[in-house]
Amino acid sequence: MEENSVNEVKACENRFSKEALVKSKLFREQRDILSAVLKDGEDYSKEEAQKLIKNYLEKEMA
């Protein structure tokens, strides 16, 4: 996939602020993890947030 195509796909995804994701019902059980792994001032898709949570939990288990 060309870089322009990747950027177009990212632009089409719904993006949310750290604050919005931390307050969302979807991530109610992972609020503390999201607060730790997401950066202030950056936007994330739901999939990116889920991947960061998964990576965090796998790191903690290792």
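Glu 58 and Lys 54 sit four residues apart in helix H4, about one turn of the helix. Their side chains form a salt bridge with an N to O distance of 3.9 Å; the term requires a side-chain nitrogen of Lys or Arg within 4 Å of a carboxyl oxygen of Asp or Glu. Glu 58 has a relative accessible area of 45% and therefore counts as partly exposed. On this scale, buried is under 20% relative accessible area, exposed is over 50%, and partly exposed lies in between, with a 1.4 Å probe and protein chains only.

The model is predicted: local features need pLDDT of at least 70, side-chain atom pairs count only at pLDDT 80 or more, and totals for chains, interfaces and linings use all residues. Residues are numbered from 1 along each chain as its sequence is written, and side-chain values use heavy atoms, with hydrogens and water left out.

**Salt bridges**

The structure holds four salt bridges. Side chains of opposite charge can pair when their charged atoms come close.

| Pair | N to O distance | Location |
|---|---|---|
| Asp 40 and Lys 18 | 3.2 Å | loop between H3 and strand S2; helix H2 |
| Lys 23 and Glu 19 | 3.0 Å | both in helix H2 |
| Glu 58 and Lys 54 | 3.9 Å | both in helix H4 |

The pair of Lys 23 and Glu 19 also spans four residues, about one turn of helix H2, and both residues are exposed. The bridge between Asp 40 and Lys 18 links distant parts of the chain, 22 residues apart. Asp 40 counts as exposed because its relative accessibility is 65%, whereas Lys 18 is buried because its value is 16%.

Lys 18 belongs to helix H2. Its side chain makes a polar contact with the side chain of Asp 40 at 3.2 Å. A polar contact is a pair of N or O atoms within 3.5 Å; within protein, one must be able to donate a hydrogen and the other to accept it, and residues adjacent in sequence count only if both atoms are side-chain atoms. Apart from neighbours within four places in sequence, Lys 18 is in contact with Leu 34, Ser 35, Leu 38, Lys 39, Asp 40 and Glu 42. Contact here means heavy atoms within 4.5 Å.

**Overall layout**

The protein chain has four helices and two strands, in the sequence order α-β-α-α-β-α. These elements are DSSP runs numbered from the N terminus, with helices (H or I) of at least four residues and strands (E) of at least two. Of the 62 residues in the protein chain, 19% count as buried. Among contacts with a separation of 6 or more, 38% join residues 24 or more positions apart. The accessible surface of the protein chain is about 5,100 Å², and carbon and sulfur atoms account for 48% of that surface. Areas come from the Shrake-Rupley method with a 1.4 Å probe; for residues, only the protein chains shown count as cover.

**The nonpolar core**

The largest nonpolar core has nine residues: Leu 21, Val 22, Phe 27, Ile 33, Leu 34, Leu 38, Tyr 44, Ala 49 and Ile 53. Helix H2 (18–23), helix H3 (31–37) and helix H4 (46–61) each give two or more residues to this core. Such a core is a set of buried Ala, Val, Leu, Ile, Met, Phe, Trp, Tyr and Cys residues joined through side-chain atoms within 4.5 Å. Leaving out residues up to four places away in sequence, Leu 21 touches Phe 16, Phe 27, Leu 34, Leu 38, Tyr 44 and Ala 49.

Tyr 44 lies in strand S2 and is buried, with a relative accessible area of 8%. Beyond four places in sequence, Tyr 44 has contacts that include Asn 14, Arg 15, Phe 16, Leu 21 and Leu 52. A polar atom of the Tyr 44 side chain lies 2.8 Å from the backbone nitrogen of Lys 39. The C-alpha atoms of Tyr 44 and Glu 13 are 9.1 Å apart, across 31 residues of sequence.

**Two partly exposed positions**

Ser 17 is in strand S1 (residues 16–17) and is partly exposed at 31% relative accessible area. Outside the four-place neighbourhood in sequence, Ser 17 is in contact with Glu 42 and Asp 43. The C-alpha atoms of Ser 17 and Lys 39 are separated by 9.0 Å, with the two residues 22 apart along the chain.

Asn 55 is in helix H4 and counts as partly exposed at 39% relative accessibility. Its C-alpha atom is 9.7 Å from that of Val 37, which is 18 residues away along the chain.
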